[in-house]
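Reader: I have a structure to read and some questions about it. Please give the rule behind each term as it comes up.

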Amino acid sequence: MPAVTAPAHKKGDFFVDYEEKVFEDVKAKSGEKALVTFHTVAFEGSIGLVNLLQAKRLLRKGFETSVLLYGPGVTLGIQRGFPTIGDEAFPGHQNFNNQLKAFMDEGGKVYACRFALQALYGHGEPSLQPGIRPINPLDVLDLILLHRNDNAFMLHTWTV
């Protein structure tokens, strides 16, 4: 039987070279826009959180950045908490709300589809986190098309 002779990993060890950057650090040119769309359920995978971080990174690179929550994506923007709204019932419970707040605090815009909010998930506009702009379901496609017309960078977040 083979013997394991390598020492056990310990706190502070490195597994990879996280400092090497292979590509140039791209910044937005003046007036460039970005749109990150979310058609994913909160807490059902990492993609919602990861792409909220990407949206914040796009904003910090100088893109005029918007987030679109539609379909199950509206669940990312609903106020939550336990036992009261805003309380964190477990570590990470407020991840989506905290990321959206930070994104908006830095100048990002967030839109949520009213149809998905009410018809699909039974919430009204007061359920949305402050700062999120509810929009008509017909505006969902138009928001995407407006960004396409502006040659914006678009990142679409889907889970099935």
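Author: Rings of Phe, Tyr and Trp (its six-membered ring) pair if their centres lie within 6.5 Å; planes under 30 degrees apart count as stacked, over 60 as edge-to-face and the rest as tilted. This is a predicted model, in which local features need pLDDT of at least 70, side-chain atom pairs count only at pLDDT 80 or more, and totals for chains, interfaces and linings use all residues. Residues are numbered from 1 along each chain as its sequence is written, and side-chain values use heavy atoms, with hydrogens and water left out.

Reader: How many aromatic pairs does the structure hold, and which kind do Phe 14 and Tyr 18 form?

Author: The structure holds 4 aromatic pairs. For Phe 14 and Tyr 18, the ring centres are 5.7 Å apart and the planes are at 25°. That pair is stacked.

Reader: Are Phe 14 and Tyr 18 buried or exposed?

Author: Buried means under 20% relative accessible area, exposed over 50%, and partly exposed in between (1.4 Å probe, protein chains only). Phe 14 and Tyr 18 are both exposed.

Reader: Which parts of the chain does the pair of Phe 43 and Phe 90 tie together?

Author: Phe 43 and Phe 90 form an edge-to-face pair, 6.4 Å centre to centre with 65° between the planes. Helices (H or I, at least four residues) and strands (E, at least two) are DSSP runs, numbered from the N terminus. Phe 43 lies in the loop between E1 and H1 and Phe 90 in the loop between E2 and helix H2 (95-105), so the pair ties together parts that are 47 residues apart in sequence.

Reader: Which residues do ring pairs link into a cluster?

Author: Phe 43 is partly exposed at a relative accessible area of 40%, and Phe 90 is partly exposed at 41%. The cluster linked by ring pairs is Phe 43, Phe 90 and Phe 96.

Reader: In which sense do E1 and E2 pair, and what is the handedness of the crossover between them?

Author: Two strands pair if DSSP finds at least two bridges between them. E1 and strand E2 (residues 64-69) pair in the parallel sense over 6 bridges. The chain passes from E1 through helix H1 (residues 47-60) to E2. A crossover is right-handed if, with the strands pointing away from the viewer, the path from the first strand over the helix to the second runs clockwise, and this β-α-β crossover is right-handed.

Reader: What is the bridge partner of Thr 37 in E5?

Author: E1 and strand E5 (residues 153-158) pair in the parallel sense over 6 bridges. In E5, the partner of Thr 37 is His 156.

Reader: Which residues touch the most other members of the largest nonpolar core?

Author: A nonpolar core is a set of buried Ala, Val, Leu, Ile, Met, Phe, Trp, Tyr and Cys residues joined through side-chain atoms within 4.5 Å. The largest one has 34 residues. Those touching the most other members are Val 67, Leu 68, Leu 69, Val 110 and Ile 132.

Reader: How far apart in sequence are the parts tied together by Lys 33 and Asp 150?

Author: A salt bridge is a side-chain nitrogen of Lys or Arg within 4 Å of a carboxyl oxygen of Asp or Glu. Lys 33 and Asp 150 form one, at 2.9 Å from N to O. Lys 33 lies in strand E1 and Asp 150 in the loop between H4 and E5, so the parts tied together are 117 residues apart in sequence.
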